[in-house]
Amino acid sequence: MSTVMQDGFGRQIDYLRMSVTDRCDFRCVYCMAKHMTFLPRQQVLTLEELQRLATLFVGQGVRKIRLTGGEPLIRPGIVELCRHIAALPGLRELVMTSNGSQLQRLARPLVDAGVKRMNISLDSLDGERFRAITRNGDLDQVLCGIEAARDAGFEGIKLNCVVMKGRNFDEVLPLLQYAIEQRIDITFIEEMPLGEVGRSRGESFCSSDEVRALIASRHALLDSAENSGGPARYMRLARHPDTRIGFISPNSHNFCASCNRVRMTVEGRLLLCLGQEDSLDLRGLLRRYPLDDQPIINALQQALRRKPLRHDFSAQGEVQILRFMNMSGG
Ligand code: SAM
Ligand code: SF4
């Protein structure tokens, strides 16, 4: 029997983004403050709890799970967790978003564990700039990670690039060229106003329309109706069929009408919308009902009816949500 999760507006929810850690080896300027306080261990879901929740969501109709964070690959036991989740009957695909720093070591074990596709963040091809944006990151390590991912045999690899004026807007074309050479996809993302990161986001805000115009000045672009089940709109390059270009534009092109997803923070808060604070405390329910899933399923179905119609991010890009992206299951 297959169950379906539907929200109060008739949208079918079949995609869960699960944060498996709030910690990270990087401190990207758009995602975190320089000095972060992370959650105490007892507030973080155990691997068993993450697995139980994944099982429960798939039983309720979730078909795609993305593991994210923080940096998912620094959570001890991540490969085993992937293996368990990937094997859940009814799940169509387990995918992941990573900063790439651990992929040299883990790409192949992740493919073997059943992870189908990998999104890897890459905001610059200049080592010094890369370090300035990530505050800690080593570009060469990430580039080797991307190559390891390509060799490991994922069904798809996509680069994610948050474009900021004055930081990496001038790298849009080189980053696209790199994706073309690697024969992988690339998505350009508008910065979202999540968390107080210690600088004004409005100054560096760069819209997807500006990025697209820059690319169109060099490449013949073809519209594409393709949909990867996420918020990106895609275009193809007339001369490079192996690379798709995605645009995620939460500020300038609201994509809420087709929203099919919910997010879970690593303390088990089910966020009904990335841009709103309303949430369901799944950790409390898990620990109150260690052997009985039904009360959790009931609460989940009720919460879904409260899922908001849309978020209210605006192109001014000022903070509206105090939660950092690493807490949100980005
Ligand atoms: N650590 C992994 C990584 O960087 O890919 C996974 C977690 S990260 C929070 C997920 C994605 O969110 C990354 O592609 C990152 O670039 C993006 N991101 C983080 N903060 C953002 C923000 N304020 N606006 C837009 N995208 C953001
Ligand atoms: Fe870490 Fe990813 Fe956030 Fe960068 S975007 S600080 S890599 S969680």
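## Around ligand 2

Let's start with ligand 2. Its neighbours, meaning residues with a heavy atom within 4 Å of it, are Cys 24, Phe 26, Arg 27, Cys 28, Tyr 30, Cys 31, Met 32, Gly 70 and Asn 99. Sorted by class, that shell has six nonpolar, two polar and one charged residues. In this sorting Ala, Val, Leu, Ile, Met, Phe, Trp, Tyr, Cys and Pro count as nonpolar, Asp, Glu, Lys and Arg as charged, and the others, Gly among them, as polar.

A quick word on the ground rules: this is a predicted model, where local features need pLDDT of at least 70 and side-chain atom pairs count only at pLDDT 80 or more, while totals for chains, interfaces and linings use all residues. Residues are numbered from 1 along each chain as its sequence is written, chains are lettered from A and ligands numbered from 1 in the order in which they are written, and side-chain values use heavy atoms, with hydrogens and water left out.

## Around ligand 1

Ligand 1 has 19 residues around it, and the closest are Tyr 30, Gly 70, Ser 98, Ser 121 and Met 192. The shell is made up of six nonpolar, nine polar and four charged residues. Strands S3 (93-98), S5 (156-163) and S6 (185-190) each supply at least two residues of it; strands here are DSSP runs of E with at least two residues, helices are runs of H or I with at least four, and both are numbered from the N terminus.

Now for the polar contacts (pairs of N or O atoms within 3.5 Å). An oxygen of ligand 1 sits 2.6 Å from an N or O atom in the side chain of Ser 121, and an oxygen of ligand 1 is 3.3 Å from one in the side chain of Asn 160. A nitrogen of ligand 1 is 2.7 Å from a polar backbone atom of Met 192. The protein covers 96% of the 540 Å² of accessible area that ligand 1 has on its own (Shrake-Rupley method, 1.4 Å probe).

## What UniProt lists

An unreviewed UniProt entry gives "binding site" for Tyr 30, Gly 70, Ser 121 and Met 192; such annotations may be inferred rather than shown by experiment. Gly 70 lies in the loop between strand S2 (64-68) and helix H2 (78-86).

The unreviewed entry in UniProt also places "binding site" at Cys 256, Cys 259 and Cys 273. They're spread over 18 residues of sequence, yet they cluster in space, with a largest C-alpha distance of 9.2 Å. Cys 256 is in the loop between strand S9 (240-248) and strand S10 (261-264).

Conventions: Polar contact = N/O pair within 3.5 Å; in protein donor to acceptor, adjacent residues only side chain to side chain.
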